[in-house]
Amino acid sequence: MNFKPADKIQDLQYFGEYGGVNPSISDSSTYTFLAAKSMMDTFEGNLEGCYLYSRHSSPTNLYLGQALAAMEGTESANVTASGMGAITPTLMQICNAGDHIVSSRTIYGGTYAFLKNFAPKFGISSAFVDITSLEKVEAAILKTTKVIYCESVSNPLLEIADINGLARLAKKYDLKLVIDNTFSPLQISPAKLGADVVIHSLTKFINGSSDTVGGVICGTNEFIDSLRNVNDGASMLLGPVMDSLRASSVLKNIRTLHIRMKKHSENAMYLAKKFELDGLKIIYPGLKSHPQHKLFTSFFNKEFGYGGMLSFDAGSLGKADELMELMQKRNLGYLAVSLGFYKTLFNAPGTATSSEIPADEQKEMGLTDGLIRFSIGLDNDIERTYQEMKACMQETGVLKYQL
Ligand SMILES: *Cc1c(COP(=O)(O)O)cnc(C)c1O
């Protein structure tokens with residue numbers, strides 16, 4: 001594919017109010033109108049370019065949305081207070097009571113909990129399927145299905161969705177394909193592969209400094225406008241708005257996203273290859289042993305590599321805990337949820353980020369107790385990191401177990 005997401009961001013030009021090289025930050029919740037009639041027209045959605053109230057939109061949030069829409073190649077985008085604040089309004093906007101969602105079974109724990117426990121309160125039901133099988137996805141589609149939902153790179157098993165194939169199914173049955181692209185910004189461009197809506201938790205790689213939560217919904221002008229509609233827009237009415245000051249800081253961090261993604265990928269690839277040679281069963285899309293390695297390679301934006309996420313089974317929860325504690329003690333990273341930080345982060349998802357998923361379902365999807373999910377950091381000397389991590393694995397017996 002020759003869509004160049006980083007260049008699209010770079011091609012945008014911003015000037016601040018006083019000629020600043022960064023756009024001015026809008027620091028107001030409400031906006032004046034010189035004529036009373038323009039206020040009415042704005043309320044009715046008949047006037048472009050006027051701001052009304054910052055839950056609806058604000059200049060700074062629009063700047064950030066514009067950069068993210070450019071990155072995903074969509075007409076528009078709406079930034080939100082968190083990733084969940086992007087996912088839940090999107091699904092509630094598309095679905096009515098009685099509707100059905102076909103979702104991947106390997107999704108972010110919060111999304112799973114929303115679909116499984118919360119959405120049914122509003123009459124929205126979901127089927128959870130193995131997203132890597134187009135046959136299983138198709139078989140789960142009902143007359144009431146409105147959405148196919150998945151993550152381009154799934155959490156935490158790093159399965160890769162066949163977005164082209166899913167888009168064909170969505171077209172065939174007149175469904176919306178909604179893709180959470182949080183794990184693979186710049187690397188995968190789901191809208192270019194046929195997705196209708198692309199979502200990110202900005203909290204992770206995109207902001208990259210673990211100092212805030214944030215989210216974005218990227219889609220057509222029509223869909224984004226519908227979310228902001230004062231009468232029936234889910235983003236407007238549920239209210240997960242990002243603060244303007246924060247939007248300006250996320251926008252500044254996006255300036256280095258392309259550099260960071262390349263480094264995350266380079267470091268993860270290095271460790272994945274080394275540890276696989278050492279005999280660990282590494283899950284990493286860049287390795288030939290990954291079941292969807294070829295698929296990923298067929299559609300990714302190559303210059304950004306295979307991503308910063310890597311998982312492997314340490315053998316048991318006890319071993320995983322022991323290893324993570326030792327690695328933290330040696331300052332190789334932090335035992336923490338989340339991802340996309342300059343420092344390596346690791347956790348055992350079965351008991352942390354995916355704990356919303358019941359044990360028997362975890363087992364069925366291949367999520368074992370000893371699985372550790374790594375978000376590989378921006379370490380300058382990755383060979384040094386490898387040697388130190390390997391020592392931790394040998395000391396805890398994790399490497400011996402696998403051999
Ligand atoms: C973190 C995450 C979310 C939720 O985002 P928040 O910003 O924490 O609300 C959704 N999807 C994925 C894949 C995530 O990693």
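Reply: We may begin with D174, which lies in the loop between α7 and β5 (176–180). Please bear in mind throughout that this is a predicted model.

Me: What is the phi of D174?

Reply: The general idea comes first. Most residues other than glycine have a negative phi, and most peptide bonds are trans. In D174, phi is positive, near 60°, although the residue is not glycine.

Me: Is D174 buried or exposed?

Reply: D174 has a relative accessible area of 68%, and exposed means over 50%. D174 therefore counts as exposed.

Me: Which loop holds S338, and what is the phi of that residue?

Reply: S338 belongs to the loop between β10 and β11. Its phi is positive, at about 80°, and S338 is not a glycine either.

Me: Which residues does the cis peptide bond join?

Reply: The cis bond links N155 to P156, with omega at about 0°. P156 sits in the loop that runs between β4 (145–151) and α7 (163–173).

Me: Let us turn to sheets. In what order do the five strands of the open sheet lie?

Reply: In general, strands of a sheet pair through backbone hydrogen bonds, either parallel or antiparallel. Here the order is β8-β9-β12-β11-β10, and the pairing is mixed. At the edges are β8 (282–283) and β10 (334–335), each of which pairs on one side only.

Me: How many bridges connect β11 and β12?

Reply: Three bridges connect β11 (residues 345–347) with β12 (residues 371–375), and the two strands run in the antiparallel sense. As one example of a bridge, L345 has S375 of β12 as its partner.

Me: Finally, helix packing. At what angle do the axes of α3 and α10 cross?

Reply: Two packed helices are described by the angle between their axes and the distance between the axes. For α3 (residues 59–72) and α10 (residues 244–254), the axes cross at roughly 30° and come within 8 Å. Since angles under 35 degrees count as roughly parallel, α3 is therefore roughly parallel to α10. The crossing of α3 past α10 is left-handed.

Me: Which residues make the contact, and how many of them are nonpolar, polar or charged?

Reply: From α3, the contact involves T60, N61, Y63, L64, A67 and L68. From α10, S244, A247, S248, V250, L251 and I254 take part. By class, the contact of α3 with α10 comprises eight nonpolar and four polar residues, with no charged residues.

Technical notes:
Residues numbered from 1 in each chain as written. Predicted model: local features only at pLDDT ≥ 70, side-chain atom pairs only at ≥ 80, totals over all residues. Heavy atoms only, no water. Pairing = 2+ DSSP bridges. Helix = DSSP H or I, 4+ residues; strand = E, 2+ residues; numbered from the N terminus. Buried < 20%, exposed > 50% of the residue type's maximum accessible area, 1.4 Å probe, protein only. Axes fitted to C-alpha atoms, helices over the stretch in contact; angles between N-to-C directions. Parallel < 35°, antiparallel > 145°, perpendicular 65-115°, else oblique. Left-handed = near helix turned anticlockwise from the far one by under 90°. Contact = heavy atoms within 4.5 Å. Nonpolar A, V, L, I, M, F, W, Y, C, P; charged D, E, K, R; others polar.
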